[in-house]
Structure formats: structure tokens, C-alpha cells
Amino acid sequence: MNGATTVSLVGVGGQGILLGAAVLAATAAAAGLEVKASEVKGMAQRGGSVLSTVRFGEHVWSPLSRSADVVIATELLEGVRALDMLARGGTLVCAATTRIPPGSVLRGEEAYPDDLEERAAAQRVRLIALDAEGLARQAGSVRSVNIVLLGAASHVLPFSDEQWQAGLAAAVPARVLEVNQRAFALGRDAVQEVGS
Amino acid sequence: MERSLFLSGNEAIAHGAARAGVGLVCGYPGTPSTEIVETAAGLEGLRAQWSVNEKVALETAVGASLAGVRSLVTMKHVGLNVAADPFMTLSLTGVNAGLVVVSADDPGMHSSQNEQDNRHYARFAKVPMLEPSDSQEAYDFVAEAFALSEEFDTPVLLRTTTRLSHGRGLVVPRVPVRAPRREYERDISKYVMVPQYARQRNRLVLERLERLRRRAEESPLNVLEAGSADFGIIASGVAYAYAREAFPRAWFLKLGMSHPLPYAKVVRLYEHVQRVAVVEELDPFLEEQVRALGLPVVGKAAIPADGELDPDVVFRALAPYLQRKPPRRRRPVLPPAPKLSSPPQPPAGLPVRPPVLCPGCSHRSVYAALRRHRLTPMGDIGCYTLGALPPLLALDSCLCMGASVGMMAGFNAVLGRKAAVAVIGDSTFFHSGVTPLIDAHYNGVEGLVVVLDNRTTAMTGHQGHPGTGVRPDGSVGNAVDIQRLCEGIGVRCATVSADDYAALDAALAREVAAPGLGVLVATAPCVLASRRRAGAVVVDTERCNLCGRCLDLGCPALVPGDGAVAVTEACTGCGLCVEVCRRGALRLPEPVPADGGGQP
């Protein structure tokens, strides 16, 4: 669609989706692009599925798009759920080890999906799956999964390291900036190491 | 045959309500609506009461409707602004027994601060509207409105104006309508308007509007009256009477059911005449809809858009048009029924993830205690509305901010006992829970209001409110004490810690059993805001037999494991599951040492 790039961040309420979106938007702004974003708040944040969309480019009209070029998922089930919104040839960057089963799964009424790779392949989507939770712990806080994934996604997003650093500094609270800078670097390097 | 009565429109509506088997008439006084409640108070077989305001009046009527009793609520035009919050969402939930809202408009502002045309509310809320044009119709249309309300599962707007409400005419009484009490059936997806259920109901509303339009086409309330002149008039309400007097030879499309507009009937009028006028007071409500059909019409270009009409004004306004050449006829275009959205289908086979009450949420203990009593819990709006979802299923209704208390009062008033309780959050209580409490006290209604006092406005992200005194900048101003506020009203009130399940359970049992009206404030800070954690509950896998009592609490930290429940790391150690377990299979963790040892 008219040159704007759409990145959707999905996860479970409380996982820092909104902060991840804020960092991405700030990074795009630092790159001198126009940015629009939209998020659903309120009732959705109480442990429900959360979606935040960031769109950037030379010119962006709509804050919303049904189809995303890149999806960043902080939870595995939400990543699988988001496959449908990816454009063909798009990329899913997914926290492959983070599983937060919803109530229906806990009660044994529904099954948690275990076929992310097959589904991604069937959908002709590029999959970048990583142990974001482990890397976040390594960075110093399990809460930085969102930023680890941004680091991993940086390989498919058109921003320089300088621009990412500017985005992080602009959006992340100063007291946790260092942890998140480490998280970003770990996520970025993890993908290079697996050669994706 | 019974002798005819000489009644004002308002008196006729009250008598019509009694005839239609209405059990509750309530409203707030406001010219020109006041005499409906006053007259109803003198009639047999129904309860008439003044409400503290129009919003509470409507919520009270909704409670009565749910309890299975027909209810009529009255207000002047601006009163519907006050009642607009429940009115708009009541369109989505629909009713149990019929519910009719009388809006008495005041063209000319004889006794009002503005001249708003409340016919727009019928369109706005997508509900049917009836407009009587004399006292007999005012009497007759009440029963028609209730029949529509129950058939189409919708509130009905009965719109009058000053000259209808305060004009008088002869009324022939009719045979009473039998309206037996309808059983109340719990229906969470119909009456609890959380987003996922409201989206479904909203589609039903749009479909209902098209069915109502077909009814308006067939309804004998909408009459095409033949004339002898090449001139047709579309009119409703008292404007019809003016136009009829001014142009006795004209054709008429008289709209008794003026929303939704019967398009085909409008087109049929144009088959008989070349010139058509819409005669209506205030806004071009009908005129714009006729124009949208592509039909030439004379309306507000000739007839004043402000003030009252009368036969002379109508005649002078329209007479010149009868001398002119008729407008060129065009083919009308009937608007198609609107398309409904096709929401994205979630991928098949994937578990849904609805929002849930947090682990350790203090509301859960209130719901656990509440469900030991066979009561209908009227809910309200906040995080605690999530308690209506499985597995808790703890609330029967959620209409709008503050509606729980008035709905409880209406439900209990017509049943004459404490059948319903209200469950309302602290911030919502300040928003609009206080006025219905005053109302219930004034009207001597049985009831219990449970205030879920988690010391914040949690759902929207922990904002301050008058109960905490916390302001947006973090400073703390004056705080209002809920218990003292209730006691100041004259209502019995007790406060109990929501963390102390035994005390909470006992206090609730005491309040349920006590006569009259009471408030129980169950207080404990929001677990999310306070970040309270006491470590995870420990399971004795030998004793646990997976009976499910703890799992029914809907706590995300409790999982059915292999032969015993398992506790996830999301557990905050609130201990509610320990309280409900009957086998002693769960116990609280050892207290965390005061010198730290927890997470920094």
C-alpha cells in the first residue's frame, strides 16, 4: 500500500506492547519519516490480547492497516494468531519460548498451538523465532522481551543503529534504559548468530 | 360502553399505562411531562414514584422491566439528555417486560431552557417512536408502544409536545390489556454490555431497525388518508391536527409511528398528489428523510423551524405553494438496508484470550462470597465487569456507568423484596452511584449495594477519584469517605476488608438478611496498582482431588494439573483459593522476611 510500512506488535496485556510501539515510532521519527500509530487500551489490557500498530514512510495517511509487513509477537499464541494479518512475504518476529496459556487452555477446553513453524510456512511468511525471554533475563529484566524482539526485528526494518538508539533513548524511561539497550543488542545479535 | 373522559394528554398516558398493565411509572418532574406520574399515583394497580433524576428513573424502569413488569418512565425533553446514557445502551440490551420512555418536548419553550427536538433520539438510539396527536391516541398508543417493545425487544420512545401533553380531549376507555409478569431469565450476553457481547447486540439492533421499518409500513398507526385536492401532507403528533384543520381537502400521510420512516408509504402518497409538504414542529426530521428518497417536498423553507405551529401558521406558510406549478416528479430511490461489517474471522482452532480479573484481584473474593446467596447481582462498569465472564459469571447486567443501583432498586421495588443487589466500583459509585442510592432510600426500596472499593479507577489505568483524593498531578486533595457519605444520606453502611474472606462473607450474609437498604464497602487496594505480592500458594497434592472449587474462582494463577491443581508464578498469595478449599489442600506461603528476600 502506497509505500508505508506497517509493523504490528501483539501480545498479552502487561507485556510492554505499548512501550515497544513507542520505541519503534520514535526510531522512525529519528529516521526523519512520518509515523502514525494506533493502539487499543482499556479493557483489553487486563490479561487480554493486545495489538498496537505503527506505520511509517515518506507519507502515511491511515493510522490503521489490516495487513502488516512485520509482526512482532511477545507471546507465542499471539504470534500464531497474528499470522493472518501478515502480508505475503512478511516477517513474524516471535518470542518462541514465551507461552501464556489463556483460561480456556488452563481449564483444558482448548489446546495451545504447537505448530508455529508449519503455520508460518503454509502462510509463506518469514519466521524469526527466538528465546526472547532467556535473552531478556540475560539483559537484566524479563520485562525487556519487547525490546529484545525489536532488536531481532531490526534486521528487517530500515533503520540504522544510531536511529534505534535514539528511539530507545526517547521512549524508554531513563532508569531502565541501560537494561533495554542490552536487550536490544542481544536480540539483534541472536538473529545474526542463527544467520536468519 | 364506558363514559368518555375529558383528559389531558398526560392524564391519558397515565390511564393508558394502567390499561396496558404497567406496574411501575417513574420520572422526574419537568414541564410538560409532570402530570403523568402525578395522575398515575392516583390509579389502581401500579406503583408511581418520583426519581432523583431522569437517568435514575430510566435505570429504575429497566430494573422493573428485567423483573418482568412493564414500566413507563417520563421526562421532559432535556431530561432525556440526563437519561441518554442508559437510553442509548438499553437499545442494545432490549427489555424483558415492555419499557416505554415518554419524552415531552416543549416547542416554543414555554417552560424550558432549550427547544431540542427529541425525535432525533429515536434515530440516534435506533428505537421505534410513536407520536400521538390527541388525547385518545395518547391513551391508545401506550398499549401499542408496550406491544412493540415486547415484540421487538426494544425500548420505545413515546414523544409528546406541550400542546399534546397539556391539551385536553375526550378519551373513550378501552378494554384493559393483560400483561402477566414475565419471568426473569439470566442472560449475560444480552444484558452485560462488555465489548464482545455489545458487538453482537449492536448487529441485532441494526437488523431490528429494518424489521421495525417493515412494521411501520404495515402499521395501522401510519395511515394514508385520501383527500380531494392535489396536495399531500406528511405529519405526526399535534402538527397533524394543525395541518388537518388548515387543509381539510388535502391528502395526508399521518404517522403515528414516525420512526423508522415507512418509505413505501411515503412514495404511495406521491402516487396520488403532485405537491407534498411536511408539516412538523422544530427540526426537518421527516423532511430530510423524504428528501433523501429523492422526492420534492416543501418543509422548513416555508414552515418555521422554531417555536410552535398552529393551523393559521401552517395555512399561511403553505397556501402560496398551492398556487405554484407542481414540482417535476422524479423517481424515488428507496435506500437499501445498510450493510453490516464483516469482522475479521479469528483463525480457526486458536484459543481466544478474553481479558480477565488479575491474580490476587480483590473483586474476586466479593464474587466468591456473593454467589453463596441466591441474588441477582446488577453490575456496573469497571474492571469488575470482567466478573460476568466465565467461569465466574458473577454479574447479571451492565448497562452504563452507575446503572447497577437504580436497576437493583427497580427490580426489588416491583418484586417487593431484596431479590437483586448492586455491585459497583468505588470510582463508579462517585460517578453516578450516589444519586440512585438517595433515590432508593427516598422510595423505601429494599436492597444492598456492594461497593468494590479498590481505591483507584483501575480499568483505565489507575486514576484518582474523590474517594482517594488523588489528582492527575499526583497531589492529594480532599477525599470523600464512602461510609460517612452513605450514613449522611441515612443509609446503613458497613466497611469490611475484601482481603479478609471470612469477615467479608459474614458481613455480606448479615447485610443480605437485614431488612431495608444497606451498603457494604468491601475495601482492599487494587493488586495491580499496589503490586502486592506475598509469594505463591502451596498445594498439598495428596489432599487435592481437583474438585474445582478453587478453579471456579477464575484466577489465572490456578491451573488444573496432573491429579492436583497447580499454582503458576503469577500467584500473588492473596489466599482466596485457600479460603474456598474444603480439603485443606492449599496453604499460604511462609511470610517473606522483613529484611528483603523478595524481588527488588
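In strand β16 of chain B, B:Val451 is the bridge partner of B:Ile424. The model is a predicted one, in which local features need pLDDT of at least 70 and side-chain atom pairs count only at pLDDT 80 or more, while totals for chains, interfaces and linings use all residues. Residues are numbered from 1 along each chain as its sequence is written, and chains are lettered from A and ligands numbered from 1 in the order in which they are written.

**Strand β16 of chain B**

Strands and helices are DSSP runs numbered from the N terminus, with at least two residues (E) for a strand and at least four (H or I) for a helix; two strands pair if DSSP finds at least two bridges between them.

| Partner of β16(B) | Residues | Sense | Bridges |
|---|---|---|---|
| β15(B) | 420-425 | parallel | four |
| β18(B) | 517-523 | parallel | seven |

On the β18(B) side, B:Asp453 stands opposite B:Thr523. Because seven of the seven residues of β16(B), 447-453, are buried, the strand is largely enclosed by the rest of the structure. Here a residue is buried if 20 or more other C-beta atoms, placed from the backbone, lie within 10 Å of its own. In a regular strand the side chains alternate between the two faces of the sheet. Both faces of β16(B) are covered, with B:Gly447, B:Val449, B:Val451 and B:Asp453 buried on one side and B:Leu448, B:Val450 and B:Leu452 buried on the other.

**A four-strand sheet in chain B**

An open sheet of chain B has four strands in the order β9-β11-β10-β13, with mixed pairing. Its edge strands, β9 (222-225) and β13 (276-279), each pair on one side only, and the twist averages 15 degrees from one strand to the next. Strand β10(B), residues 232-236, runs parallel to β13(B) and is joined to it by four bridges; B:Gly232 has B:Val276 as its bridge partner. Helix α11(B), residues 237-246, lies across β10, β11 (251-255) and β13 of chain B and runs at about 145 degrees to β10(B). Such angles run from 0 to 180 degrees between N-to-C directions, the axes being lines fitted to C-alpha atoms, for helices over the stretch in contact.

**A helix pair in chain A**

Helices α1(A), residues 17-30, and α6(A), residues 145-153, pack at an angle of about 35 degrees with their axes 9 Å apart. In α1(A), A:Ile17, A:Leu19, A:Gly20, A:Val23 and A:Leu24 meet A:Asn146, A:Ile147 and A:Leu150 of α6(A), where contact requires C-beta atoms, placed from the backbone, to lie within 7 Å.

Terms used:
A residue is buried if 20 or more other C-beta atoms lie within 10 Å of its own, exposed if 12 or fewer, and partly exposed in between; C-beta atoms are placed from the backbone. Two residues are in contact if their C-beta atoms, placed from the backbone, lie within 7 Å.
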